[in-house]
2 protein chains.
Amino acid sequence: MGVNLNHLFLFRAVAEAGGFSRAAERIHVSQPAISMQVGELEAQLGLTLFHRLGRGVKLTAAGQLLLGYAQRLGALAVEAERAMAEVRGLCRGRLAIGASTTIGVYLLPNLLGEYRRRYPDIDLQFDIANTEDIERRLADGTLDAGLTEGLPPNCDEIETVVFLRDQLVPIARPDHPRLSADSKVLNLRQLCAEPMIVREAGSGTREVIERALAKRGEKLQRTTMVLGNTEAIKRAVAAGLGVAIVSHLTIQTELVSGQLAILPLRGFELTRPLHRLCWRNRDRDPATLAFLALLDQRYPPEVGSERRLTHKS
Amino acid sequence: MGVNLNHLFLFRAVAEAGGFSRAAERIHVSQPAISMQVGELEAQLGLTLFHRLGRGVKLTAAGQLLLGYAQRLGALAVEAERAMAEVRGLCRGRLAIGASTTIGVYLLPNLLGEYRRRYPDIDLQFDIANTEDIERRLADGTLDAGLTEGLPPNCDEIETVVFLRDQLVPIARPDHPRLSADSKVLNLRQLCAEPMIVREAGSGTREVIERALAKRGEKLQRTTMVLGNTEAIKRAVAAGLGVAIVSHLTIQTELVSGQLAILPLRGFELTRPLHRLCWRNRDRDPATLAFLALLDQRYPPEVGSERRLTHKS
DNA sequence: TAATAGCCATAAGATTATCTTATGCGACGA
DNA sequence: TCGTCGCATAAGATAATCTTATGGCTATTA
């Protein structure tokens with residue numbers, strides 16, 4: 001057929017070894033194999049590549065010209081293989097992650113820090129966006145994976161797994177009367193009677209809370225304040241303006257520093273699933289696989305949590 | 001085995017056609033052939049190169065990276081083949097010819113002019129040197145062919161063919177008494193008695209002359225002048241300082257312009273063989289072959305004139 | 001000069017790569 | 001839910017390539 005890299009590789013070996021036999025020995029093939037390949041190369045090009053001297057061979061003018069190309073082709077091929085090996089070995093690549101706000105602010109930075117430490121050569125990209133955007137950008141390939149609080153998309157190409165159940169907990173200023181030593185544990189009704197700082201209507205978090213309360217026949221009695229930002233809510237609570245229900249993820253620092261405290265609550269637990277979104281298994285590249293592995297290591301996924309559309313099987 | 005240009009060519013076809021079947025159709029191979037080659041490529045690299053979507057395929061990140069290399073490799077391979085085709089088609093190459101003085105000055109310029117006209121893209125190089133130098137430079141590859149007056153080298157690697165018998169003729173000023181209308185044709189003894197302008201002792205030309213005369217029992221009687229240069233001899237003869245014996249090749253112009261004339265001589269003819277030297281057949285490149293063909297066309301070689309060392313056969 | 005060793009070419013047979021045809025399986029659109 | 005499209009797989013055929021054995025030519029050595 002046509003000329004391929006093998007022909008050129010053998011040709012180069014001969015040129016550099018100065019003889020067919022020497023080249024054969026050096027690259028561990030039989031001498032006739034070299035004879036044939038070089039002969040075929042010469043036949044296909046219609047040119048003599050080597051002067052056959054008694055002892056060894058010497059390049060012809062055409063051979064010298066070809067040697068330059070053979071070397072360049074060989075070097076390029078090696079470079080290509082190296083590049084591929086780098087992708088395989090996570091020394092090269094790109095990882096683009098999209099996350100919804102809470103995850104993006106309170107969970108992902110740590111995770112990506114660890115990722116960067118493990119694979120410092122991977123180009124890291126990270127965006128905070130709403131669920132809809134993440135879904136769209138996953139579909140068009142702009143993102144490799146997404147982490148969302150919202151409802152998973154109804155698209156079969158995208159795998160959706162719950163990787164963590166986020167606890168929503170009531171918080172208050174540490175000197176809140178309900179936290180005094182002799183105070184009893186709250187029940188749900190008592191909590192609802194507290195002055196409550198909430199997110200705006202339409203917020204996913206608020207909807208989750210209200211739906212859960214409604215299910216228990218309760219509703220918030222005193223929404224003293226409506227804020228559009230979790231951080232603002234935390235500060236308002238820390239200032240003693242009321243209590244609030246927020247994701248456990250968002251208050252780690254404040255719990256440690258004593259700026260906020262969790263109100264003990266009895267007989268009620270409010271969680272929402274956090275979803276890991278990405279393309280189905282066969283299409284993931286190494287950088288993405290490594291990210292998913294890291295995520296699964298930190299937050300073991302719930303078995304059977306994958307949500308997929310109806311299948312024939 | 002290893003990755004070769006065929007794998008990459010098919011890979012590229014798929015990437016550019018946007019699907020296995022489309023690529024197969026476009027390059028006239030069966031679709032499974034593509035599946036297998038791309039599959040093997042992926043297996044060898046340990047990477048997925050294409051996202052298999054329902055309809056058609058799409059490059060992965062690794063695939064995009066590889067595509068760049070595949071394109072560069074393909075382009076380089078095409079360039080190499082084109083370069084080889086140019087050498088084959090005499091659109092590229094070098095021709096280095098060495099010649100002894102007489103041939104170099106009076107014969108080769110015309111010949112190389114014709115060569116240049118036929119193959120304008122061949123890089124032409126042309127040196128005048130003595131036979132020994134030419135032989136050496138042929139051996140080390142600095143020259144592709146040599147044309148000499150001297151004795152051929154006793155080297156079996158170099159083919160030596162007589163391509164022309166150079167006539168050495170006696171010349172005189174056109175008003176020389178021996179050229180008058182009623183003068184009779186010279187014989188050899190009479191010529192030897194003329195005042196003769198000769199090359200220095202040791203010159204190849206002079207040796208040839210003296211040997212030939214000695215063979216006939218004659219010798220030059222009156223060497224009036226010794227000059228180291230054929231052109232000087234011609235001018236001396238034209239000035240009426242004597243007669244000389246020179247190569248027929250060197251006096252074409254002067255015969256036409258009437259500056260010199262040939263002395264008719266009876267019963268004696270002096271020729272010396274001119275040799276064409278070059279490597280044996282199997283090692284000649286196209287540019288050299290074309291030169292030899294041109295030489296043979298202008299000066300058909302004597303059959304059986306090739307001189308070679310003793311062989312077993 | 002003859003014998004010898006080194007090196008490339010060739011032949012025959014075995015092995016490996018690659019292609020083709022036929023078919024399966026999953027995805028998409030009506 | 002059913003065809004249709006497109007890739008994957010299997011089996012058999014073909015072509016490319018390798019290896020061992022051998023021959024011829026060249027250069028070296030006695």
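How many helices and strands does the secondary structure of chain A come to? The count is 12 helices and 11 strands, where helices (H or I, at least four residues) and strands (E, at least two) are DSSP runs numbered from the N terminus. The model is a predicted one, so local features need pLDDT of at least 70 and side-chain atom pairs count only at pLDDT 80 or more, while totals for chains, interfaces and linings use all residues. Residues are numbered from 1 along each chain as its sequence is written, and chains are lettered from A and ligands numbered from 1 in the order in which they are written.

The C-alpha trace spans about 105 × 50 × 30 Å along its principal axes. Of the 313 residues, 36% are buried, that is, with 20 or more other C-beta atoms within 10 Å of their own, C-beta atoms being placed from the backbone.

Strand E3 of chain A (residues 94-99) has five of its six residues buried, so it is largely enclosed by the rest of the structure. On one count, six bridges join E3(A) to strand E4 (residues 123-128) of chain A, and the two run parallel; strands pair if DSSP finds at least two bridges between them. Here A:Gly98 has A:Asp127 of E4(A) as its bridge partner. Another three bridges link E3(A) to strand E5 (residues 145-148) of chain A, again in parallel, with A:Ala99 opposite A:Leu147.

Turning to the partner chain, 30 residues from chain A and 30 residues from chain B make up the contact (C-beta atoms, placed from the backbone, within 7 Å). On the chain A side, helix H1 (5-17), strand E1 (50-52) and helix H4 (61-88) each give two or more residues, and H4(A) provides the largest share, 15 residues. By class, this side has 16 nonpolar, seven polar and seven charged residues. Ala, Val, Leu, Ile, Met, Phe, Trp, Tyr, Cys and Pro count as nonpolar, Asp, Glu, Lys and Arg as charged, and the others, Gly among them, as polar.

Methods: Two residues are in contact if their C-beta atoms, placed from the backbone, lie within 7 Å. A residue is buried if 20 or more other C-beta atoms lie within 10 Å of its own, exposed if 12 or fewer, and partly exposed in between; C-beta atoms are placed from the backbone.
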